[in-house]
Amino acid sequence: MMTDKYYALFEEQQKDRGINIEKVKSKIKQLKVETPSWGFGDSGTRFKVFEQEGVPRDPFEKFEDAAQVHKFTGTSPSVAIHIPWDKVDDYKALKSHAESLDLSIGAVNPNLFQDNDYKFGSVTNVDKSIRQKATDHLLECVDIAKEVDSKIVSLWFADGTNYPGQADFRQRKKWMQECLQTMYDKMDSDMRMLIEYKFFEPAFYHTDLADWGMAFNMANKLGPKAEVLVDTGHHPQATNIEHIVAYLLDEKRLGGFHFNSRKYADDDLIVAAHNPHEIYLILQQIVAAEEDSDQGVVSTAGNIAYMLDQCHNVEPKIPAMIRSILNVQNLYAKACLVNLEELKEAQEKQDVLRAEQAVREAYECDVTPLLQAVREEMGAAVDPMKAYQESGYAEKILTRGKGGASW
Ligand code: LRH
Ligand code: MN
Ligand code: MN
């Protein structure tokens, strides 16, 4: 097979570079990236939600579509749910359905932004009864997570204001902490609360959890079950996200990622469609942390919940998800090819160009033969996109018609 010829050459080249290729392969096999249920439904911008044909009509069908992504990539065995978008009468039935498809239910995401009551905030609302309602929803999501055996509840708040003077920042900070503490106390000791930040949108003046420092501080105040979630689309332009990631890893407070790409704001596009180098540099920090002498850093890196958070507004959703998974896998593979000893030596000698070269060289490697070999060994499709397109599934789901579930 042609693949073998190219792979043999690749392996030789990497061995010459001092790379332990078997270790790299096993790391790639271990990489799992969760898909978001909402990425399979209809979505759009604030101007229009376009309806696509064949979109899932309920949470059960979202899992069926997610199963296709995992079937061909072998890399996305869990699906995040968003409540109430994925509200069902029987969560145990949803769990069994997921398991019958070789999937599990991943992070449970409360939704505190789509109710009229939350116009002026949820856990930071000046009205105590609305704060209570929001807290009750957080507790409901902890219960759902327990019911479906998920260990993660992932929080994002739209809470914020549009105008100077509109609200009392410090008071709101206290209210948020109070509500989150109530939720935290209800979580089992092996559960994790992931706290996501975002600097703007929908609020245009201030957002209560605007950046990683605020999320980190909140996690620290709550305790060890709370960690920070980094959504790659949630920073001002030119933010050094890999530095944030390294910092949080060192503090043992990096809990997870929402991967997506953006050109301008929180665009939620296919991962690495824009600026793949940024995702590579993030993953490179993680791969380096996996080799840290501090076991706490190693285990933090090993427990990261990798998730996609995307909305496919104009493109077909299942292949868009496959593309994203493959892009993350591709960039992770490259990150594994950095010769860390060489990098360390260059850093110690303050050899700027050699250090930069060590990081760049791996990025420039074509990892196609490596990924093909790994997929073959994993029993996944060697070319997952092609295999999906030839499977006939996209045609089969057209019988669902238009007007599926939307976010
Ligand atoms: C907010 C966000 C958050 C939500 C998701 C739908 O922009 O990234 O993670 O839960 O989008
Ligand atoms: Mn997100
Ligand atoms: Mn977002």
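Contacts between residues 24 or more positions apart make up 78% of those in the protein chain with a separation of 6 or more, where two residues are in contact if their C-beta atoms, placed from the backbone, lie within 7 Å. The model is predicted, so local features need pLDDT of at least 70 and side-chain atom pairs count only at pLDDT 80 or more, while totals for chains, interfaces and linings use all residues. Residues are numbered from 1 along each chain as its sequence is written, and chains are lettered from A and ligands numbered from 1 in the order in which they are written.

The protein chain contains 16 helices and ten strands; helices (H or I, at least four residues) and strands (E, at least two) are DSSP runs, numbered from the N terminus. Its radius of gyration, taken over C-alpha atoms, is 22 Å, close to the 22 Å that the globule rule (2.2 Å times the number of residues to the power 0.38) gives for 407 residues, so the chain is as compact as a globular protein of that length. Of the 407 residues, 46% count as buried. A residue is buried if 20 or more other C-beta atoms lie within 10 Å of its own, exposed if 12 or fewer, and partly exposed in between.

The largest nonpolar core has 106 residues, of which Met 193, Ile 195, Ala 215, Val 228, Val 245 and Met 307 touch the most other members. Such a core is a set of buried Ala, Val, Leu, Ile, Met, Phe, Trp, Tyr and Cys residues joined through C-beta atoms within 7 Å. Helix α11 (residues 317–336) supplies the largest share of this core, twelve residues. Not counting residues up to four places away in sequence, Met 307 touches residues including Val 33, Ala 107, His 258 and Phe 259.

In helix α7 (residues 212–222), the buried residues are Trp 212, Ala 215, Phe 216, Met 218 and Ala 219. These residues lie on the same side of α7, because they cover an arc of only 160° around the axis, the arc being that of the directions from the helix axis to the C-beta atoms. An α-helix has 3.6 residues a turn, so residues three or four places apart point the same way. The elements that cover the buried residues of α7 include α6, β6 (192–196), β8 (226–231) and α8 (241–250). Just after α7, Gly 223 adopts a positive phi of about 130°.

Arg 170 belongs to helix α6 (residues 169–186). This residue is exposed, because 8 other C-beta atoms lie within 10 Å.
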